[in-house]
Amino acid sequence: VASSNDSTSEYVAAGDNKRIGRIWRWRGGSEVVLLGHIDALTAIEFTPDSQFVMSSSLDGTVRVWRREDGSEVQRFAGHGAPVLSVAVDPDGKRVASGGADRRILLWSLNPVENASQRVESVIKQLRGETLPPVIFHTFQGHENTIQDISFSLDGTRIVSSDNDNLVLVWDVPEEVKVASSAPWTRLRGHGGWVRACRFSADGSQVISGGDDRVWKFWRLDRYREFLSLNNGSTPILDACYCPTGKVIASGHLDGTVGLWDPQSGERLATLSDGHQYLTSRARITSDGKLLATAAGDNTLRLWDLQRGTQLSLMENSGREGVFSLSRNGRWLVAGGDDQGVAVWNLETLSTPSRIRIGLHPAAGQGQISTLPEVNCVAISDDGKIAVMGDKVGNIEFWDLSRDKMVKRVFGHSESVVG
């Protein structure tokens with residue numbers, strides 16, 4: 001799942017294992033279906049200007065779609081094997097993709113291709129004519145399936161992770177041409193597949209996590225790991241960078257929350273006087289002042305990061321730890337149990353309002369029906385619109401000023417997870 005990069009995040013894109021992608025304009029209620037892949041979609045991303053959507057698939061292709069009408073405007077088939085990850089650089093000019101062929105391919109985003117051009121290419125092939133070669137740069141160094149790829153914010157480097165327990169960092173060439181390059185550095189230390197990797201905001205550090213239940217933090221100027229968040233025998237369930245870069249928060253199986261200095265690796269504090277167990281999600285507000293955590297004890301807690309003290313408690317927040325912060329840090333939306341979805345104003349910390357209570361009248365029938373459990377939630381920066389995905393594949397949009405669901409999108413055949 002991906003949201004558009006405009007100021008209001010007006011568009012949401014998602015793909016499924018039924019080979020179908022979809023783009024929703026949730027304010028206007030419109031839906032665009034992306035048809036073309038012949039196998040399950042594995043990743044989906046908006047370009048920085050939100051005009052195009054890229055999707056990778058087990059069919060070995062990456063396709064670029066026009067957001068407005070869902071038309072396919074570019075197709076990249078250089079891999080010849082399942083593609084599991086795709087990323088676009090911050091300028092929106094280059095795309096990196098990788099997967100089962102153990103290569104990262106860097107190619108130019110050129111969304112001008114149309115159906116007639118592809119038909120013409122097929123006709124030329126049947127006539128035996130030579131087609132222009134597909135130009136891409138090859139990054140070679142992985143020895144197993146690539147799981148994740150990400151650009152640094154300045155677009156000069158790529159970080160990637162694989163099923164060989166490795167994290168690799170690459171220098172990105174200024175020009176895309178037929179060439180190959182080796183990794184700038186290899187980061188070793190994970191004890192299992194590495195499924196996620198990201199740069200810090202300034203590009204000096206990398207965070208990675210995987211099947212060994214450990215988040216590792218790497219300092220690139222020293223080519224080594226400087227922090228490993230595993231809390232001894234207690235698995236780490238989530239971790240996040242503070243947007244200011246001054247602290248890392250981690251949630252643990254035993255219900256504690258760890259605060260860490262990303263430079264020294266020192267554990268600054270342990271927030272233990274709170275959750276009873278399973279702190280499964282931790283997020284820091286954009287100003288770096290507040291930390292929100294959710295746990296399996298059916299509570300959500302708000303902490304003062306500077307003091308390390310608990311400010312407020314929300315009960316009946318759901319045992320799944322489902323919550324989201326608005327990007328401006330003013331609003332929090334949470335939900336998952338039969339108490340519905342809660343909306344919290346973090347400026348006033350007043351009693352959260354609740355919508356979507358578990359039992360609802362079935363429209364037009366005068367009966368009581370149970371709404372499916374919520375898996376994921378998000379809220380707009382102005383606190384007026386909430387969007388949520390449930391366990392049967394629906395996406396709902398709620399007008400919070402009226403406590404009313406204004407749109408329900410049916411499309412996914414399985415649970416919506418993000």
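This briefing covers the nonpolar cores and the salt bridges of one structure. The model is predicted, so local features need pLDDT of at least 70, side-chain atom pairs count only at pLDDT 80 or more, and totals for chains, interfaces and linings use all residues. Residues are numbered from 1 along each chain as its sequence is written, and side-chain values use heavy atoms, with hydrogens and water left out.

**Nonpolar cores**

- A nonpolar core is a set of buried Ala, Val, Leu, Ile, Met, Phe, Trp, Tyr and Cys residues joined through side-chain atoms within 4.5 Å.
- Buried means under 20% relative accessible area, exposed over 50%, and partly exposed in between (1.4 Å probe, protein chains only).
- The largest core has 15 residues. Met54, Phe76 and Trp107 are among those with the most contacts inside it.
- Strands β6, β7, β8, β9 and β11 each supply at least two residues of this core. Strands are DSSP runs (E, at least two residues), numbered from the N terminus.
- The largest share, three residues, comes from β9.
- A second, separate core of 14 residues includes Ile146 and Leu168.

**Salt bridges**

- A salt bridge is a side-chain nitrogen of Lys or Arg within 4 Å of a carboxyl oxygen of Asp or Glu. The whole structure holds nine.
- Arg63 pairs with Glu72, with the closest N and O atoms 3.4 Å apart. Arg63 is buried at 5% relative accessibility, and Glu72 is buried at 11%.
- Glu225 and Lys216 meet at 3.3 Å, N to O. Glu225 is partly exposed at 26%, whereas Lys216 is buried at 7%.
- Shared partners join Asp59, Arg63, Glu72 and Arg75 into one salt-bridge network.

How values were computed
Helices (H or I, at least four residues) and strands (E, at least two) are DSSP runs, numbered from the N terminus.
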